[in-house]
Amino acid sequence: MLPSTSKRIPVALWIWYRGGIFRGFQRQPEGPTVQSALEEALQSVGVPATLMPSGRTDRGVHARMQVVSVRLEPGDSAESLEQRLPARLPPGLGLCGVRRPRSFHAQWSASGKEYRYRLQLGGTATPSWAPYVLDVPAEPLIHGATVTPERLAELLRLAEGTRDFIAFHEKSSPRKPRTLESATLHALGGGLYEARLCGDGFARYQVRYLIGSALKVAAGLLPEEAWRAALETGQAMEGFKAPAHGLVLWEVRYPPGVDPFTTGERLHPPGLPLEPPFHFG
């Protein structure tokens, strides 16, 4: 029998992963998943942990910053786990830090998240970027239409604000008001662009449906009126769910005084690979 969790030490883990290697975050009968790989690694260093993530990512989605709550046995420490764990993690999954917060829950303490979606609007993606980018001209649902960054940026800005976004997420997610604080497009060079969406919370597939639907409107395949109606009234539109491989959970935010990680660590995460998809744009 495991010791009472009330005597165990809560810690926060910052992990990163490449989603193409896993069948999503959550444990399932057919693996591998991020959760099962991390739990096996923790067990191998003496931490029989049940994980609580900030949220679950779907199959193929990457994470530059995923935060997980874990409880350690009495006598163990965040510093010791940070030294022991990395060598037990499989390729494509890594650790940036382990911190012991005062009062913290990876999911319920979070105040917001940032997602980034990479798009090749022109030119050709380099080999290092190709697995992590949606090649828009080659996407069958875009039919080879031209999407200009100016038009796409304009449509994304219209999505900012507080609404339930019911036209852009799975019905399995609760229908409730969510605030999209910003939705911007940034040029990374060579025809590569990055959509950055920041908000207080996101429903399942919300980012992917927003990106895919905005692309169809920007390509002239759907009228702008349909986009506006979907945003303002929740009217269904014939958008599409952008592929998972272009999406990165970039950052999980916590209020000051609760955040286990420093500003410096967030700007320069220790142990994070510097190549795509974690390259800073």
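Tutor: The largest pocket holds about 980 Å³ of space. The model is predicted. The lining is made up of 35 residues. Nearest the pocket's centre are G55, R56, K113, F202 and A203. By type, the lining divides into 15 nonpolar, 11 polar and 9 charged residues.

Now the largest nonpolar core. This core has 83 residues, and L13 and L119 touch the most other members. Strand β1 (residues 9-17) supplies the largest share of the core, 8 residues. Take L119. Leaving aside neighbours within four places in sequence, L119 contacts V133, L134, V136, L152, L185, G191, L192, Y193, A195, I211 and L215.

Next, the aromatic rings. The count is 8 aromatic pairs. In one of them, the ring centres of F168 and W227 are 5.4 Å apart and the planes stand at 70 degrees, so the pair is edge-to-face. This pair links distant parts of the chain, 59 residues apart. F168 sits in the loop between β7 (161-163) and β8 (178-189), and W227 in helix α5 (residues 224-233). F168 has 1% relative accessibility, so it counts as buried. W227 is at 0%, so W227 counts as buried too.

Y205 and Y209 also pair. Their ring centres are 6.3 Å apart, with planes at 80 degrees, so this pair is edge-to-face. Y205 counts as buried because its relative accessibility is 16%, and the cut-off is under 20%. Finally, ring pairs join Y17, F22 and F25 into a cluster.

Terms used
Residues are numbered from 1 along each chain as its sequence is written. This is a predicted model: local features need pLDDT of at least 70, side-chain atom pairs count only at pLDDT 80 or more; totals for chains, interfaces and linings use all residues. Side-chain values use heavy atoms; hydrogens and water are left out. On a 1 Å grid over the protein atoms alone, a cavity is a set of points where a 1.4 Å probe fits but cannot get out, and a pocket is an open set with protein on both sides within 12 Å along at least five of seven lines; lining residues have an atom within 4 Å of a point. Grid points are joined across faces, edges and corners, and a volume is the space filled by probe spheres set on the points. Ala, Val, Leu, Ile, Met, Phe, Trp, Tyr, Cys and Pro count as nonpolar, Asp, Glu, Lys and Arg as charged, and the others, Gly among them, as polar. A nonpolar core is a set of buried Ala, Val, Leu, Ile, Met, Phe, Trp, Tyr and Cys residues joined through side-chain atoms within 4.5 Å. Buried means under 20% relative accessible area, exposed over 50%, partly exposed in between (1.4 Å probe, protein chains only). Helices (H or I, at least four residues) and strands (E, at least two) are DSSP runs, numbered from the N terminus. Contact means heavy atoms within 4.5 Å. Rings of Phe, Tyr and Trp (its six-membered ring) pair if their centres lie within 6.5 Å; planes under 30 degrees apart count as stacked, over 60 as edge-to-face and the rest as tilted.
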